[in-house]
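I opened this one up to see how its pieces pack together. These are my notes, in the order I looked things up.

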Amino acid sequence: MTAHVLSDTRVLTARSLTHIVRSPDTIITTAVTPIALMLLFVYVFGGAIQTGGTESYIDYMLPGILLITIASGVAYTAYRLFLDLQGGIFQRFQSMPIARSSVLWGHVLTSLVANLVSVAIVIGVALIMGFRTGASVGAWLAVIGILVLFTLALTWIAVIAGLSAKTVDGASAFSYPLIFLPFISSAFVPTDSMPGPVAWFAENQPVTSIVDTTRALFAGQPVGTDIWVALAWLVGIMAVAFAFAMRIYRRKAA
């Protein structure tokens with residue numbers, strides 16, 4: 001049974017990846033906005049922002065930019081899933097001897113690959129702009145692991161949106177709050193520079209612990225308890241989103 005699910009997931013993932021290869025503008029579009037934000041914040045606002053540290057501003061802000069990249073990219077998952085649902089592809093798959101869960105996993109793994117490519121492009125541009133890191137191989141692997149978990153968590157939220165939306169615009173609109181969330185965190189400025197209620201929200205929302213952990217890993221510094229808070233948020237969000245997505249999918253497939 002497991003081999004059957006894995007085989008079906010591989011085939012459907014290849015199908016979705018083929019669509020992206022034939023239309024790479026989705027990856028390019030995903031990377032354009034974060035790159036534009038980097039250029040704006042580093043070369044226009046960066047000199048006026050005090051982070052309280054000695055690192056360059058590009059080093060400080062890059063973790064938040066990477067999360068915005070992923071939050072932008074998962075919108076395409078909801079969009080593609082909605083089109084498949086409206087186009088009757090799901091109904092065709094249900095009439096075939098394939099594992100039902102593989103249909104969703106194909107979209108999720110495609111999102112993971114596409115978003116990691118977009119993240120790599122953004123990091124490449126950041127290096128050109130002066131980003132430097134003393135991270136070890138282990139720290140880089142930890143950063144990649146955190147970004148993978150973040151992508152999976154947000155992608156399962158995107159699956160819920162794609163399955164529940166009534167229109168194409170509604171399928172992708174869910175990502176707007178996710179893109180905005182890093183701006184109310186420690187991604188661009190220290191939280192202690194914010195007004196009291198805003199600072200409280202910023203310090204206790206998921207993005208801040210993820211950003212602080214990633215920033216510490218890039219800098220080769222101890223991550224402290226932030227990494228455990230970040231992992232708890234990521235695993236918790238992913239588990240809840242996965243459960244809701246599968247419940248909605250089973251109801252539609254019934």
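**Ground rules.** I'm working from a predicted model, where local features need pLDDT of at least 70, side-chain atom pairs count only at pLDDT 80 or more, and totals for chains, interfaces and linings use all residues. Residues are numbered from 1 along each chain as its sequence is written, and side-chain values use heavy atoms, with hydrogens and water left out.

**Overall fold.** I got 11 helices and 0 strands for the protein. Helices here are DSSP runs of H or I with at least four residues, strands are runs of E with at least two, and both are numbered from the N terminus. Along the sequence the pattern reads α-α-α-α-α-α-α-α-α-α-α. Of the 254 residues, 48% count as buried. My cut-offs are under 20% relative accessible area for buried, over 50% for exposed and partly exposed in between, with a 1.4 Å probe and protein chains only. Next I checked contacts, meaning heavy atoms within 4.5 Å. Among those between residues at least 6 apart in sequence, 81% join residues at least 24 apart.

**Helix pairs, how I describe them.** Two packed helices are described by the angle between their axes and the distance between the axes. The axes are lines fitted to C-alpha atoms, over the stretch in contact for helices, and angles run from 0 to 180 degrees between N-to-C directions. Angles under 35 degrees count as roughly parallel, over 145 as roughly antiparallel, 65 to 115 as roughly perpendicular and the rest as oblique. A crossing is left-handed if the near helix is turned anticlockwise from the far one by less than a right angle, and right-handed if clockwise. For residue classes, Ala, Val, Leu, Ile, Met, Phe, Trp, Tyr, Cys and Pro are nonpolar, Asp, Glu, Lys and Arg are charged, and the others, Gly among them, are polar.

**Helix 2 with helix 3.** I found helix 2 (residues 25-45) packing on helix 3 at about 155°, with the axes 9 Å apart. The two are therefore roughly antiparallel, and the crossing is right-handed. On the helix 2 side the contact includes Thr26, Pro34 and Phe41, and on the helix 3 side it includes Tyr57, Met61 and Arg80. By class I have 12 nonpolar, 6 polar and 1 charged residues in this contact.

**Helix 3 with helix 6.** Here the angle is about 35° and the axes are 8 Å apart. This crossing is right-handed. Helix 3 brings residues including Leu66, Val74, Thr77 and Leu85, while helix 6 brings Phe150, Thr151, Thr155 and Leu163 among them.

**Helix 3 with helix 10.** The axes of helix 3 (residues 57-86) and helix 10 (residues 206-219) come within 9 Å and cross at roughly 130°. That makes the pair oblique, and the crossing is right-handed. I noted 9 nonpolar, 2 polar and 1 charged residues here.

**Arg215.** This arginine lies in helix 10. Is Arg215 buried or exposed? It is buried, at a relative accessible area of 12%. Not counting residues up to four places away in sequence, Arg215 touches Glu55, Tyr60, Pro63, Ser186 and Ala187.

**Thr155 and Ser111.** Thr155 is in helix 6 (residues 137-164), and Ser111 is in helix 5 (residues 100-128). Thr155 counts as buried at 0% relative accessibility, and Ser111 is buried at 0% too. Their side chains make a polar contact at 2.8 Å. That term means a pair of N or O atoms within 3.5 Å; within protein, one must be able to donate a hydrogen and the other to accept it, and residues adjacent in sequence count only if both atoms are side-chain atoms. Leaving aside neighbours within four places in sequence, Thr155 contacts Val74, Thr77, Val108 and Ser111. With that exclusion, Ser111 contacts Val74, Thr77, Thr151 and Thr155. I also looked up Ser111 and Ala78, which are 33 residues apart in sequence and 9.7 Å apart in space, C-alpha to C-alpha.

**Thr225.** My last stop was the loop between helix 10 and helix 11 (226-253), where Thr225 lies. Thr225 is exposed, with a relative accessible area of 60%. From C-alpha to C-alpha, Thr225 and Ser209 are 8.9 Å apart in space, and they are 16 residues apart in sequence.
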